[in-house]
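Thanks for coming, everyone. Please get the picture up on your screens, and then I will walk you through it.

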Amino acid sequence: MQTPESRPAPPRLPPHDPGTPALSVVDMHTGGEPLRIVLAGCPEVAGPTLLAKRRYMRQHLDHVRRRLVHEPRGHRDMYAAVLVPSELPGAHLGVLFLHNEGYSSMCGHAVLALGRFALDFGLVAAPPAGAREARVHIHCPCGLVAAFVECEGGRSLGPVRFHSVPAFVLATDLLVDVPGHGKVVVDIAYGGAFYAFVSAEKLGLDVCSAKTRDLVDAASTVTEAVKAQFKITHPESEDLAFLYGTILTDGKDAYSEEPTTNLCVFADAQVDRSPTGSGVTARIALQYHKGLLELNQTRAFKSSATGSVFTGKAVREAKCGDFNAVIVEVSGRAHYTGTASFTIEDDDPLRDGFLLK
């Protein structure tokens, strides 16, 4: 038995700038897609609303994003979350999503992970004894999302599902001139963020077997072409009116009990290792819009990067402005991977991070 004298001392931080607090984080992944959650060390993010906080962080605290996400502490496909107070009644937490290029409006894989985190770290009260699920209200920049966390004895087990904001289709059968590929038909749908959807076959690729680099290049070319040729609008907020990325699919949009495979390339050519929670939300809305899916008809979506699977279904109809929309339930599994404390030395010329291309 260890005595107080024989127990190892808590780890010390290495020499660092005493004027810059260490960034303490918990790392998780959902279907292989990383999430770095900030526990402490981030300066206060000012603003009366979550969208205002998002603008403030972009303008005044972007060095925090770069330190968390970029090398040498991260990598170009790292993802992070900063928890902030929410102005919405009933929200347990607000969250800002950080990626290699900036700040997303929604992130489903992060919501699945944050559901577990919120329960395990006491951000929500444990459910009554015997309850098998805890409900967590997460205020994302796109709106309020409800996560449902499987639990036992007040601790999370792993499986989580969430109900999305209203998801809708902005455009179908849009003809886009894609450099190197000619005229390509794409669809654009919203699942808390806007995505362009195109079958990889239309770009001369197999999403299940092609090299990731080739898929990334093709998807990025589609994204830039859509941005140049089509104006993205959102009925409720200009902050949400941007194309987040392109999702390449296997073209199997009609309902099947077999998984349909896709790969999401977002931000600055960042590759989602998971099937993409907000992407599944948007793709379900697209399939429902086209009459390929009924309410409460569950589909499985597989990531071509890792083989991980999310399931999704449209649970009820809704509206977003004048758009007919659906609320989508997405389910997946999140796992903890570790903790860390990140420091800087003031004389380090790379203290705020860098990316290789």
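I will go through strands, a helix, backbone details, cysteines and salt bridges, in that order.

A word on sources. This is a predicted model, where local features need pLDDT of at least 70, side-chain atom pairs count only at pLDDT 80 or more, and totals for chains, interfaces and linings use all residues. Residues are numbered from 1 along each chain as its sequence is written, and side-chain values use heavy atoms, with hydrogens and water left out.

Strands first. Helices (H or I, at least four residues) and strands (E, at least two) are DSSP runs, numbered from the N terminus. Two strands pair if DSSP finds at least two bridges between them. Look at strand E8, residues 155-163. Strand E7, residues 143-152, runs antiparallel to E8, with six bridges joining them. Two residues sit between the strands in this hairpin, and Gly-153 has a positive phi near 65° there. E8 also pairs with strand E17, residues 323-342. That pairing is antiparallel too, with five bridges.

Now find His-163, which lies in E8. What stands opposite His-163 in E7? Ala-146 does. In E17, the bridge partner of His-163 is Glu-329. The side chains of His-163 and Glu-329 also make a polar contact at 2.7 Å. A polar contact is a pair of N or O atoms within 3.5 Å; within protein, one must be able to donate a hydrogen and the other to accept it, and residues adjacent in sequence count only if both atoms are side-chain atoms.

Is His-163 buried or exposed? His-163 is buried, at 18% relative accessibility. Buried means under 20% relative accessible area, exposed means over 50%, and partly exposed is in between (1.4 Å probe, protein chains only). Leaving aside neighbours within four places in sequence, the contacts of His-163 (heavy atoms within 4.5 Å) include Val-145, Phe-148, Val-315 and Ile-327.

Next, helix H3, residues 108-120. How far apart are its end C-alpha atoms? They are 19 Å apart. H3 is mostly covered, with 13 of its 13 residues buried. After H3 comes Gly-122, with a positive phi near 75°.

Now some backbone details. Ala-269 is not a glycine, yet its phi is positive, about 55°. Ala-269 sits in the loop between strands E13 (260-266) and E14 (270-271). Thr-276 is not a glycine either, and its phi is positive, about 80°. Thr-276 is in the loop between E14 and helix H5 (277-289). Thr-276 is buried, at 3% relative accessible area. Then there is a cis peptide bond between Glu-71 and Pro-72, with omega about 10°. Pro-72 lies in the loop between helix H2 (62-69) and strand E3 (80-84).

For Cys-142, the nearest cysteine sulfur is that of Cys-140, 5.1 Å away. Cys-142 is buried, at 12%. Cys-151 is buried as well, at 1%.

Last, salt bridges. A salt bridge is a side-chain nitrogen of Lys or Arg within 4 Å of a carboxyl oxygen of Asp or Glu. The structure holds 18 of them.

Asp-268 bridges to Arg-76, with the closest N and O atoms 3.6 Å apart. This pair links distant parts of the chain, 192 residues apart. Arg-76 is in the loop between H2 and E3, and Asp-268 is in the loop between E13 and E14. Asp-268 is partly exposed, at 23%, whereas Arg-76 is buried, at 19%.

Asp-217 bridges to Arg-213 at 3.1 Å. They are four residues apart in helix H4 (residues 212-229), so about one helical turn separates them. An α-helix has 3.6 residues a turn, so residues three or four places apart point the same way.

Arg-283 bridges to Asp-250 at 3.8 Å. Arg-283 is in H5, and Asp-250 is in the loop between strand E12 (243-249) and E13. Both residues are buried. Finally, shared partners join Asp-62, Arg-65, Arg-66, Arg-67 and Asp-352 into one salt-bridge network.

Definitions and conventions: Disulfide = S-S within 2.5 Å. Expected span 1.5 Å × (residues − 1).
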